[in-house]
Amino acid sequence: MEGSHLPSRPAGGLPGRPDSQANLADILERVLDKGIVIAGDIQINLLDIELLTIKLRLLVASVERAREMGINWWEGDPSLQSAENGGNELERENRELRERLERLEQRLGLEQGEESSRAR
Amino acid sequence: MPDELAIWAYCVARAGDPLPERLPGVAAEQPVSTIEHGGLAALVSRVPLAEFGEQPLRRNLNEFEWLERVARRHETVLEHALEQATIVPLRLCTIFGDEQGARRMLEQQRESLSAALDALAGHAEWAVKLLVDPAELEAAAGEPEAAGEPAPGGSGAAYMLRRRDERRAREAADRLAAELADDVHAQLRDWASDAMLNPPQNRELSGHEGDMLLNGAYLVETAKVAQLHELVAELQERHRRLGARLELSGPLPPYNFVPRPA
């Protein structure tokens, strides 16, 4: 780090330091969805929607501004995408459920119709 | 039950490589220790199930203060480990029921962990952020084309013209920003062993001033770190006219350069 003219910030890790002094955005960005993913005995999906909402709000607040400037490289990141598309996901699920319900109703209606025709 | 302990894993290294000892872990009063198996070592610490069991964990992860404390401690342990050995960082919340669980993981993942350790040996991750002052960038983007032209008609027309000029200046500044970010990233990417882009960060958390145009991670050979400082200084100098600031930090745990989940 010697001889640098830059506002370079060492990553911390000095002995005796209780906690990392790196900025929180840096830390959360790394620990939440980077690092090798190994299934532990306690299963926690860090991409839980609740958490992701927070994560998005915290980490990518400047998305709109960045898009205006034509910067959008994170869009290939599935974890960020799934959160952004959370609304669409819900809509899709909703639509699928409605369709399923309709099919069930049709079948039920058909059976009832058959029954009533048989009864006649 | 409330006193039952599980095992939180931080990272994996080669067995026998020096790793931190007696450093505080993510849970109070539980220092880190090492579990070795099949030539690999996991750096771990004990965590109470009352706080880190599946249900409490789910709740705690959504408590911002808890998340911050645990994330910082996890990161601190990794930073210490990084000073002593090549490590493969594990994502937050890699938790095992007991030592046997951690050994089983080392056994099952031996190939991929070993390959990752080989790839990372002699390298370190560095972060480069590109920041600009939007006003300076707009000024550098050039004078509005119609500047100085006397406005025909009344003040309404003058207002419209001024609005148009402002919009053009902003668009020019945006184009310049994108070019600037592209250039800085391309230079670093071509030079580094590997590169990864992350979304720009939230000012509230990062505390940065100006607009963040680039948030890149670069894998750099340990022997070439001095060159990295020079390259970053050179890039900052090249774009000084635009008010560009490059912030370099590292070495960091190589989070961005471990195998990603499919």
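Predicted model: local features only at pLDDT ≥ 70, side-chain atom pairs only at ≥ 80, totals over all residues.

Modeller: Residues are numbered from 1 along each chain as its sequence is written, while chains are lettered from A and ligands numbered from 1 in the order in which they are written.

Colleague: In what order do the elements of chain A run?

Modeller: Elements are DSSP runs numbered from the N terminus: helices are H or I with at least four residues, strands E with at least two. Chain A holds one strand and five helices, in the order β-α-α-α-α-α from the N terminus.

Colleague: What share of chain A counts as buried?

Modeller: A residue is buried if 20 or more other C-beta atoms, placed from the backbone, lie within 10 Å of its own; it is exposed at 12 or fewer, and partly exposed in between. By that criterion, 25% of the 120 residues of chain A are buried.

Colleague: Into which domains is chain B divided?

Modeller: Domain bounds come from an automatic or database domain assignment. For chain B they give domain 1 (5–120) and domain 2 (123–257), with C-alpha centres 36 Å apart. Contact requires C-beta atoms, placed from the backbone, within 7 Å; six residues of domain 1 of chain B meet six residues of domain 2 of chain B in this way. On the domain 1 side, helix α3 (residues 64–84) of chain B supplies the largest share, three residues. That side comprises five nonpolar residues, no polar ones and one charged, where Ala, Val, Leu, Ile, Met, Phe, Trp, Tyr, Cys and Pro are nonpolar, Asp, Glu, Lys and Arg charged, and the others, Gly among them, polar.

Colleague: Which peptide bond is cis?

Modeller: Most peptide bonds are trans, and most residues other than glycine have a negative phi. Here the bond from B:G250 to B:P251 is cis, with omega near -5°; B:P251 belongs to strand β9 (residues 244–252) of chain B.

Colleague: Where is B:E29 found, and is B:C93 buried or exposed?

Modeller: B:E29, with a positive phi near 60°, lies in the loop between β1 (5–14) and β2 (33–37) of chain B. B:E29 counts as exposed because it has 9 C-beta neighbours inside 10 Å. The phi of B:C93 is also positive, near 75°, and its loop runs between β4 (88–89) and β5 (95–96) of chain B. B:C93 has 23 C-beta neighbours inside 10 Å and therefore counts as buried.

Terms used. Contact = placed C-beta atoms within 7 Å.
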